[in-house]
Amino acid sequence: MVARLTYRRQCRYNTKSNKQRILKTPGGKLTYQAVAKTSKGPKCGDCGKALIGLPRLRPKEYRRLKNREKRVSRAYGGSRCAGCVRSRIVRAFLIEEQKCVKQVLAEKLSQAKAEQSGGKKKGKK
């Protein structure tokens, strides 16, 4: 027959925050041991994937970590995944390239207009 156990904390209901594990003490008694909640871990802000290289801790435990343990040594380290950072960089590069192409096309267009108007000039009588 299994021994009946009582909660060791004030909450006496089987709630999400009051999970217990049965533990046998060195004296042979069975007691409850409180189990901490498990964390979902940090996710990428863009795509929602779990971030690699960061521990899955509760928010209170993150405060105790050093800065180098909270992030990855990369731009947007503890906030975005590597794939999203790569796509951001490529997007920014392509936007800059688009601006350069627009500028070159505008210069060509203005040169073509100047040549056309230069050929039609009439002299004074």
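Buried means under 20% relative accessible area, exposed over 50% and partly exposed in between, with a 1.4 Å probe and protein chains only. The legends below describe a predicted model, in which local features need pLDDT of at least 70, side-chain atom pairs count only at pLDDT 80 or more, and totals for chains, interfaces and linings use all residues. Residues are numbered from 1 along each chain as its sequence is written, and side-chain values use heavy atoms, with hydrogens and water left out.

**View 1. Salt bridge between Lys99 and Glu96 in helix α3.** The N to O distance is 3.5 Å; a salt bridge is a side-chain nitrogen of Lys or Arg within 4 Å of a carboxyl oxygen of Asp or Glu. Lys99 and Glu96 are three residues apart, and therefore about one helical turn separates them. Helices (H or I, at least four residues) and strands (E, at least two) are DSSP runs, numbered from the N terminus. Glu96 is partly exposed, at 43% relative accessibility. Three salt bridges are found in a search of the whole structure.

**View 2. Salt bridge between Asp46 and Arg80.** The closest N and O atoms of this pair are 3.1 Å apart. The two residues sit in distant parts of the chain, 34 residues apart: Asp46 in the loop between β2 (30–34) and α1 (59–64), Arg80 in the loop between α2 (67–70) and α3 (82–119). Asp46 is partly exposed, with a relative accessible area of 42%, whereas Arg80 is buried at 19%. The side chains of Arg80 and Asp46 are also joined by a polar contact of 3.1 Å, that is, a pair of N or O atoms within 3.5 Å where, within protein, one must be able to donate a hydrogen and the other to accept it, and residues adjacent in sequence count only if both atoms are side-chain atoms.

**View 3. Network of salt bridges linking Asp46, Arg80 and Arg88.** Arg88 forms a salt bridge with Asp46, with 3.2 Å between the closest N and O atoms. Arg88 lies in helix α3 and Asp46 in the loop between β2 and α1, so this pair ties together parts 42 residues apart in sequence. Arg88 is partly exposed, at 25% relative accessibility.

View 4. Leaving aside neighbours within four places in sequence, Cys44 is in contact (heavy atoms within 4.5 Å) with Lys49, Leu51, Ser79, Arg80, Cys81 and Cys84.
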